[in-house]
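Let us take a walk through this structure together, one stop after another. Please keep the sequence and the 3D view open as you read.

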Amino acid sequence: MHRSLWLLEVPLVPDVQPALEGEARADIAIAGGGYVGLWTALLLKEHDPACEVAIVEQDFCGSGASGRNGGFALSWWAKLKTLTRLCGQEDGVRLAKASEDALSEIDSFCRSHGIDAHFTRGGWLWTATTASQMGSWEACVALAERQGVGPWQRLDPDEVAARAGSRAHLGGVLDTSAMRPLATGVLGAGETADLGRGLTVSFPDLRQYTVLTVGRDRGLLIVLAAAILILLGLLPALYTSRRKLWVTAEADGAGTLLKVGGFALQRRSQFEEEFSRLVRELERVPEGRVRS
Ligand SMILES: Cc1cc2nc3c(=O)[nH]c(=O)nc-3n(C[C@H](O)[C@H](O)[C@H](O)COP(=O)(O)OP(=O)(O)OC[C@H]3O[C@@H](n4cnc5c(N)ncnc54)[C@H](O)[C@@H]3O)c2cc1C
């Protein structure tokens, strides 16, 4: 049986167990002790501790791909296009979300059982190191964005280089589902969060400050003066009353006939009095005759 280098170097690789002979009874039998078989067995026992689960493994648990892989715990968001093609839009998204949930489950499983599996959630960068690779993520990221799902964060080239630690990475996107969210969600002032593996992040204090903008606009005084002048110009209009007075003089036989008319927009009663006074004055003209 071919063994991977890693398996060959692990000191505790178990001997292959003797083959199962005769009859064995269990509520549920699982064929294969890889990640899938073992995780299924764990979930079954968690769901129903009384359930008898048997794993039938031809070699030893972890002898297959589960004991030979690169150890990258990633979501399937980068495979959304393929998942959608194979399973349809709804199931494609469901599977990608489930793969994201699986990362959190592995994380909390390791923590709650004190398993030091070197499990780190540092995010996953999908980058380009040549111009022709630029945007290779676009179709996948755009598909997720159109459906309002996905963990993608678009980064500018400087951010990519900083995160990747090399300018060889020209551009890219970040899969944040492979990152561990803080348990508290938001870190408040004076709080510290434990990121595991001896790493903590602290928010020691919050200094409150106010932002004041001091500026000088030379045009302001001119605008102020103009506004005051406009207001002053309006004042007379408030206190004056607009009136019209017509007087016509026509030859009337031996004398002159005066016709007087008037019109006022405001203070009409006052105008009527003044108008009457004017007419009376005209009537006092010797031999005067006024029709109004
Ligand atoms: C080189 C390599 C690198 C990889 N890198 C990554 C990575 O970085 N990140 C990632 O997420 N995935 C990676 N993968 C994929 C990942 O390892 C597999 O998807 C995962 O291990 C599959 O788990 P499994 O339980 O389905 O299969 P397996 O781990 O293959 O388990 C199947 C088990 O069933 C047993 N078996 C088979 N037939 C029988 C039978 N008839 N009776 C009894 N037992 C049987 C086998 O012996 C085996 O132990 C990698 C895979 C490989 C090969």
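You will find alanine 189 in the loop between strand 5 (171–179) and strand 6 (192–196). Helices (H or I, at least four residues) and strands (E, at least two) are DSSP runs, numbered from the N terminus. Not counting residues up to four places away in sequence, alanine 189 touches Phe203, Asp205 and Leu206, where contact means that two C-beta atoms, placed from the backbone, lie within 7 Å. From alanine 189 to phenylalanine 203 there are 14 residues along the sequence and 5.3 Å in space, C-alpha to C-alpha.

Before going further, a word on what you are looking at. This is a predicted model, in which local features need pLDDT of at least 70 and side-chain atom pairs count only at pLDDT 80 or more, while totals for chains, interfaces and linings use all residues. Residue numbers start from 1 along each chain as its sequence is written. The pLDDT is the predictor's confidence in each residue, from 0 to 100; its mean for the protein is 88, and 93% of the residues reach 70 or more. Confidence is highest in strand 1 (residues 28–31), at 97, and lowest in strand 10 (residues 290–291), at a mean of 52.

Now step back to the overall layout. The protein is divided into domain 1 (1–70), domain 2 (72–181) and domain 3 (243–291), with bounds that come from an automatic or database domain assignment. Between the C-alpha centres of domain 1 and domain 3 lie 122 Å. Helix 7 (residues 219–239) has 21 residues and reaches 32 Å from its first C-alpha to its last. That is close to the 30 Å expected at 1.5 Å a residue, the expected span being 1.5 Å times one less than the number of residues. Helix 7 lies largely in the open, because the number of buried residues among its 21 is zero.

Is valine 160 buried or exposed? Valine 160 is buried, because 22 other C-beta atoms lie within 10 Å. This residue sits in helix 6 (residues 157–164). Leaving aside neighbours within four places in sequence, valine 160 is in contact with Leu125, Thr127, Leu155, His169, Gly171 and Gly172.

Alanine 26 lies in the loop between helix 1 (5–9) and strand 1. With 12 C-beta neighbours inside 10 Å, alanine 26 counts as exposed. Beyond its neighbours within four places in sequence, alanine 26 is in contact with Glu52, Val53 and Ala54.

Histidine 118, in the loop between helix 4 (89–112) and strand 3 (122–128), has a phi near 55 degrees, a positive value in a residue other than glycine. Arginine 267, in the loop between strand 9 (255–264) and helix 8 (268–283), has a positive phi too, near 45 degrees.

Our last stop is the ligand. Of the 21 residues around the ligand, Gly32, Gly34, Gly64, Ser66 and Asn69 come nearest; a residue is near a molecule or strand if its C-beta atom, placed from the backbone, lies within 6 Å of it. Helix 2 (residues 35–47) gives the most to this shell, with three residues.

Methods: Buried ≥ 20, exposed ≤ 12 C-beta atoms within 10 Å, placed from the backbone.
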